[in-house]
Structures are given as C-alpha cells and as structure tokens.
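Please keep the sequence and the model at hand while reading.

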Amino acid sequence: MSTLIIWDWDNTLMNTRPAVTAGLQDVCRFYQLPDITPADVLNVMTNHRGDFWQRNFGENVPQAVARYVEYYRSHMDMVKPFNQTLSVLNYIRSLNIPQMILSNKNHESLVEEVKRHQLDEYFEVIQGTNGPLGKPDVAFVAPHLNLFKPERIILIGDGVSDMLMAQNLNAEAILVHQPDNTLPHHHYCENLSDVLSVLKTLLS
C-alpha cells in the first residue's frame, strides 16, 4: 500500500512558538495594542485565517501581517527543532515513504526556514501559502495528491486546521504538542518520541 506522510511545520516538527510570540508582540506594540495572550498565539499558529488579525488590525491587516512576517524572518535563529525531529524523519525516510510539509505559513518563509535547518532533503514537497487557500481546504494539497496518488495518508500536526485537513483527506490523524486533545484525531501524542512509536506501529 502506497503511503504519504504529511507534516505540519510550526509546533510540530519545529518549535516556532518563541519566534511567533515575539513577532506578534512586536506588531501589537507597533500599533499600540495590548500585549498578546497565549490564546492569541494559539489562534495564529493552529487556525488558518483565525480571527486574531481582523479582530485587532481591521483595515491594517495587510500591513500588520507584512510587519510580522518581516520580523519573523529576521529572527529565525529563535526557531529550533524538537528533540526527536531528526529521529522520526530518518525513520520514515528509511522506509522510502515520501514526506511533505503542508503549512499555512508564508511559503517563502517556510522554504527558507526548512533549508536553514538543512531539512529540505527529507521532503518531496514543501508547501506554504501566500493566498486564500490553506489547510483544511483539500484544493490546497490536491495537485500533490495527484502526483503521489497515495492509498494511505498519515497527517501529523498540532492544530485545528491540521485535524480538519486530515478529516477532509480521510487521513489517519496524529495530534502532537497540543494540550487540547479534544480535537478530532486518531492518535494523541505528547511529543515526537510518542509520534515515532505510533508510526512504528502503523508502518510495521
């Protein structure tokens, strides 16, 4: 059975939360808004087109997002892999199973970040977004599914949009690094070590 592994990036393979938090804090202070809350960070990181931007910036959303992206891209040194990132990627590669990244992050920032950490060699596809399409819209990933034609998809992520995407793709969903385990999923993992154990069972 042909299998495709789809990864989320932020807070799944990479600990991007410190950089995201700092970038959001910067843009809020620039516009003289109150400091962000953990709920704001979660809204931005896990829910595509969440209401944080419109609620706080209104007609200034494009400028606010541009400032945030610029800040984030200039502070990529704050982004670090999780402890088991390489272990789990190497395991999947050892089985010759294709892997792709599907992220609602700005596409150029995503590609730059993946290459910065020298992880691009693990992925057949690295897909971010610059437009209205993103997870959980199936059209966002459809061209790649036509390329791989997988009989089985395993999607690993931490957010609402990831788990909804898994549902829309009829994929097996692994939820990781997410304290709210009430999101729809098939397997719940506290960390990538748990993900590796689940994958060894699923792919054996």
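A19 lies in helix α1, where helices (H or I, at least four residues) and strands (E, at least two) are DSSP runs numbered from the N terminus. The model is a predicted one, in which local features need pLDDT of at least 70 and side-chain atom pairs count only at pLDDT 80 or more, while totals for chains, interfaces and linings use all residues. Residues are numbered from 1 along each chain as its sequence is written, and side-chain values use heavy atoms, with hydrogens and water left out.

A19 counts as buried because its relative accessibility is 1%, buried being under 20% relative accessible area, exposed over 50% and partly exposed in between (1.4 Å probe, protein chains only). Leaving aside residues up to four places away in sequence, A19 touches Y72, H75, M78 and V79, a contact meaning heavy atoms within 4.5 Å. Just after α1, Q32 takes a positive phi of about 55°.

Helix α4 is also the place of A66, which counts as partly exposed because its relative accessibility is 44%.

| Pair | Residues apart along the chain | C-alpha separation |
|---|---|---|
| A19 and N170 | 151 residues | 32 Å |
| A66 and T182 | 116 residues | 33 Å |

Strand β5 (residues 125-129) is mostly covered, with five of its five residues buried. In a regular strand the side chains alternate between the two faces of the sheet. Strand β4 (residues 99-106) pairs with β5 in the parallel sense over four bridges, and two strands pair if DSSP finds at least two bridges between them. Within this pairing, M100 stands opposite V125 in β5. Together with helix α6 (residues 107-116), β4 and β5 make a right-handed β-α-β unit; a crossover is right-handed if, with the strands pointing away from the viewer, the path from the first strand over the helix to the second runs clockwise.

In strand β6 (residues 152-157) the residue R152 has its place, and R152 counts as buried because its relative accessibility is 17%. Not counting residues up to four places away in sequence, R152 touches M1, S2, T3, L4, E172, L202 and L203.

**The chain as a whole**

The secondary structure of the protein comes to nine helices and eight strands. The radius of gyration is 17 Å, close to the 17 Å that the globule rule gives for 204 residues, so the protein is as compact as a globular protein of that length; this radius is taken over C-alpha atoms, and the rule is 2.2 Å times the number of residues to the power 0.38. Buried residues make up 51% of the 204 residues.
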